[in-house]
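I record what I looked up, in the order in which I looked it up.

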Amino acid sequence: MTRNVLALLLVAILASACSKGGNVDINSGGPRKMQTQSRSEPIFYNGKHYALAYSYNEGMKAFDVKVSGTTTPMKSDSQKDAVNIASSSLGYFACPDEQRGRLVGSPKFNGGVWDLQARCG
C-alpha cells in the first residue's frame with residue numbers, strides 16, 4: 001500500500017509541475033497614481049534642450065503644459081515637437097503606469113512658447 005501511495009504522490013507532483021500556471025501579476029507597490037503636483041523639468045529631445053512646465057487644472061481635469069526651447073527658441077512650425085515632448089513627458093512624470101499624455105484641444109504658440117492641455121490616457 002505504501003508503494004501505491006508513493007506512486008500516486010509522484011504522479012500528482014509531476015502533473016502539477018507540468019500544468020500551466022495562472023497569470024499572477026505581483027506588484028509590491030501597487031499601481032502608480034496620477035501625480036498632479038506642478039513640475040518643471042529640463043528635456044533633451046532630438047538633440048536640442050527644452051524646458052517643460054506643467055500644472056494640473058482641476059476644473060478641466062487636465063494638465064496645463066508649457067514647452068519652450070532653452071538653447072534656441074521654439075518656432076511656430078515646431079508644434080509636432082511640442083506635442084511629442086508634452087505627451088511623453090507627462091507619461092513619464094505624471095501619468096499612471098503605461099499611460100501617456102494625450103492632447104486636449106489645440107496647442108497655441110506665443111512668443112517662443114507652446115501652450116498645451118493634456119490628460120493621461
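Entry 1. I noted that the model is predicted. I then located Asn57, which belongs to strand 2, residues 48-57.

Entry 2. I looked up the polar partners of the Asn57 side chain. The side chain reaches the backbone nitrogen of Gly59 at 3.2 Å. A polar atom of the Asn57 side chain also lies 3.1 Å from the backbone nitrogen of Met60.

Entry 3. I searched for contacts of Asn57, leaving aside residues up to four places away in sequence, and found Ala62, Asp64 and Gln117. I also checked Asn57 against Thr36: they are 21 residues apart in sequence, and their C-alpha atoms are 8.7 Å apart in space.

Entry 4. I turned to the largest nonpolar core, which has 20 residues. Leu52, Tyr54, Phe63, Val65, Val67 and Leu90 have the most contacts inside this core. Strand 2, strand 3 (62-69), helix 2 (79-93) and strand 5 (113-120) each supply at least two of its residues. Helix 2 gives the most, with five residues.

Entry 5. I followed Phe63 from this core. Not counting residues up to four places away in sequence, Phe63 touches several residues, among them Tyr54 and Leu90, both also listed with the most contacts inside the core. Gln117 is another residue that Phe63 touches, and Asn57 touches Gln117 as well.

Terms used. Residues are numbered from 1 along each chain as its sequence is written. This is a predicted model: local features need pLDDT of at least 70, side-chain atom pairs count only at pLDDT 80 or more; totals for chains, interfaces and linings use all residues. Side-chain values use heavy atoms; hydrogens and water are left out. Helices (H or I, at least four residues) and strands (E, at least two) are DSSP runs, numbered from the N terminus. Contact means heavy atoms within 4.5 Å. A polar contact is a pair of N or O atoms within 3.5 Å; within protein, one must be able to donate a hydrogen and the other to accept it, and residues adjacent in sequence count only if both atoms are side-chain atoms. A nonpolar core is a set of buried Ala, Val, Leu, Ile, Met, Phe, Trp, Tyr and Cys residues joined through side-chain atoms within 4.5 Å. Buried means under 20% relative accessible area, exposed over 50%, partly exposed in between (1.4 Å probe, protein chains only).
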